[in-house]
Each structure stands twice: as C-alpha cells, then as structure tokens.
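Subject: Structure for you to look at

Hello,

Here is the structure I promised to pass on. Please open it and keep it beside you while you read my notes.

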Amino acid sequence: QGNDAHFRNDTNLSSGFPFKNGTSNLNLSLAAWIRPTVIPGLADYNYIVTKAGTAAFSFGLFLSDSKLILLTGYNSGNSAEYTDICAITAANQWYHIGFTLNGTTGAWVCRVWDDVAQTATTYSGTVANIPLTVDTAPFHVAAWGTGTTHVNFFLGQIDELVIFNDLLSVTEIDQIRNGIFGAAPGVLVIDDITVQFGIDNLVLG
C-alpha cells in the first residue's frame with residue numbers, strides 16, 4: 001500500500017485555482033505522466049488527483065477496475081457522479097494523461113498517450129449533473145483524503161503534474177507531453193518544486 005501524498009488545504013490554494021471555494025472559475029485542465037505499478041480491481045480506488053472529501057465533492061481522477069475514472073461533484077458537494085473514461089490495463093509502463101473539464105457545461109476531454117505503443121487516443125463526453133460543485137475540500141495528489149488523513153493511494157509514479165485554470169486544446173496537451181509548451185497565462189503552481197509543475201517524479205507504493 002502506498003503511504004505518501006501531497007495536498008493543499010482549500011484556503012492555501014492559489015487564487016483562481018479550479019473549484020477553489022469562492023471562485024467563479026469552473027474550468028480545469030491538467031496534464032501528468034503516470035506509471036501505475038498495480039492495476040487496481042473493482043473494489044480498489046487509486047487516486048491521481050482529487051478535490052473532494054466527505055460531503056464535499058468537486059472533482060477527481062482515479063484508477064479502478066482497470067479503468068481511468070472521473071469523479072464530479074454536484075448537489076452542493078453532497079453527491080458524486082462517476083464516469084468511465086478509458087481502459088488502463090498495463091502496469092509498470094508510462095501513460096501521459098491530458099484532461100480538461102468545463103464545470104459549467106459538464107463537457108470533458110481526455111487525451112491518453114500510451115508510451116509503449118507510442119499512440120495517443122482522445123476521449124470525450126459530458127457529465128449529466130451540472131454545474132459542478134465549488135467546495136472547501138483540500139486538493140490532493142496521489143490520494144483521497146481530508147487534510148493530513150489519506151486513503152486510496154495511487155500506487156506507482158506521478159511525474160510533471162501541472163494544473164491550469166483554463167481549457168487546453170488537444171494540440172496544447174500534446175505540446176506539454178513533448179516538452180514544447182510555453183508557460184502561458186493560466187498555469188498554476190501547486191507546489192514550489194519548479195515554476196512549471198507542482199509534482200515532479202512522485203514515487204508511491
């Protein structure tokens with residue numbers, strides 16, 4: 001079982017951070033490399049990122065049942081909707097995830113790069129319950145939790161995680177993966193490791 005995670009309480013998130021309490025910004029984009037060492041089964045939940053807690057759901061991305069799954073919160077954060085994005089079936093290999101979410105319309109896009117097959121596939125859809133909830137839950141990387149209490153750890157590595165308060169295009173997601181994306185307005189630092197990304201080479205499990 002993994003035993004490490006990073007988090008920021010809602011009050012410590014940057015102004016304009018997606019779904020921060022008090023913000024009107026419901027646009028989220030993120031990109032990260034992930035390398036799961038375990039592909040979780042149906043009863044296991046390995047969170048990549050989440051801004052959610054007990055009766056305080058906003059959003060989350062996690063692996064479960066050999067799939068990448070989106071969590072979105074509604075009903076003032078008291079209810080959650082779960083959307084299957086795609087299959088993630090191979091452990092110990094790298095994937096690049098580029099994800100955008102419009103919390104007003106519910107539209108999402110996910111670009112997944114399989115580094116072994118050297119192929120990228122784009123998935124898209126719309127969640128049913130909108131608008132999504134802005135709440136006071138902390139933002140977690142590699143776990144679900146309430147502050148310093150963490151569960152449902154991501155088992156593996158997370159590298160070059162970056163969060164934006166805007167909606168990236170597929171072209172911009174590919175530029176991030178290829179290391180040629182310029183620092184544009186909207187990039188948000190969630191940790192002080194570098195100026196471009198908040199979590200670099202996080203190893204868990």
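First, a definition: strands are DSSP runs of E of at least two residues, numbered from the N terminus.

**Confidence**

The average pLDDT of the chain is 86. Of the residues, 86% score at least 70. Where pLDDT is low, predicted coordinates should not be read in detail.

**Strand E2 and its partners**

Find strand E2, residues 27-36. Eight of its ten residues are buried, so E2 is largely enclosed by the rest of the structure. E2 pairs with strand E7 (residues 95-102). The two are antiparallel, with eight bridges. E2 is also joined to E13, by seven bridges. That pair runs antiparallel too.

Which residues does Leu-30 bridge to? In E13 the partner is Ile-163. In E7 the partner is Phe-99.

Now look at E13 itself, residues 156-164. Eight of its nine residues are buried, so E13 is largely enclosed by the rest of the structure.

**Two loop residues with positive phi**

Phe-19 sits in the loop between strand E1 (6-8) and E2. Its phi is positive, about 70 degrees, although Phe-19 is not a glycine. Phe-19 has 0% relative accessibility, so it counts as buried.

Ser-76 sits in the loop between strand E5 (67-74) and strand E6 (79-87). Ser-76 is not a glycine either, yet its phi is positive, at about 60 degrees. Is Ser-76 buried or exposed? Ser-76 is exposed, with a relative accessible area of 59%.

**The loop between E9 and E10**

Next, go to the loop between strand E9 (119-126) and strand E10 (139-141), where you will find Thr-133. Pro-131 is in this loop as well. The peptide bond from Ile-130 to Pro-131 is cis, with omega near -10 degrees.

Thr-133 is buried, at 7% relative accessible area. What does its side chain reach? It reaches the backbone nitrogen of Gly-77, at 3.0 Å. Leaving aside residues up to four places away in sequence, Thr-133 touches several others. Among them are Phe-19 and Ser-76, the two positive-phi residues above. Phe-57, Ser-58, Gly-73, Tyr-74, Asn-75 and Gly-77 are also touched by Thr-133.

**Cysteines**

How many disulfides are there? The count is zero. A disulfide is a covalent bond between the sulfur atoms of two cysteines. To count here, the two sulfur atoms must be within 2.5 Å. Cys-110 is in no disulfide.

**Where to start**

Then go to Thr-133 and its reach to the backbone nitrogen of Gly-77.

Best wishes

Note on methods:
Residues numbered from 1 in each chain as written. Predicted model: local features only at pLDDT ≥ 70, side-chain atom pairs only at ≥ 80, totals over all residues. Heavy atoms only, no water. Helix = DSSP H or I, 4+ residues; strand = E, 2+ residues; numbered from the N terminus. Buried < 20%, exposed > 50% of the residue type's maximum accessible area, 1.4 Å probe, protein only. Polar contact = N/O pair within 3.5 Å; in protein donor to acceptor, adjacent residues only side chain to side chain. Contact = heavy atoms within 4.5 Å. Pairing = 2+ DSSP bridges. pLDDT = per-residue confidence, 0-100.
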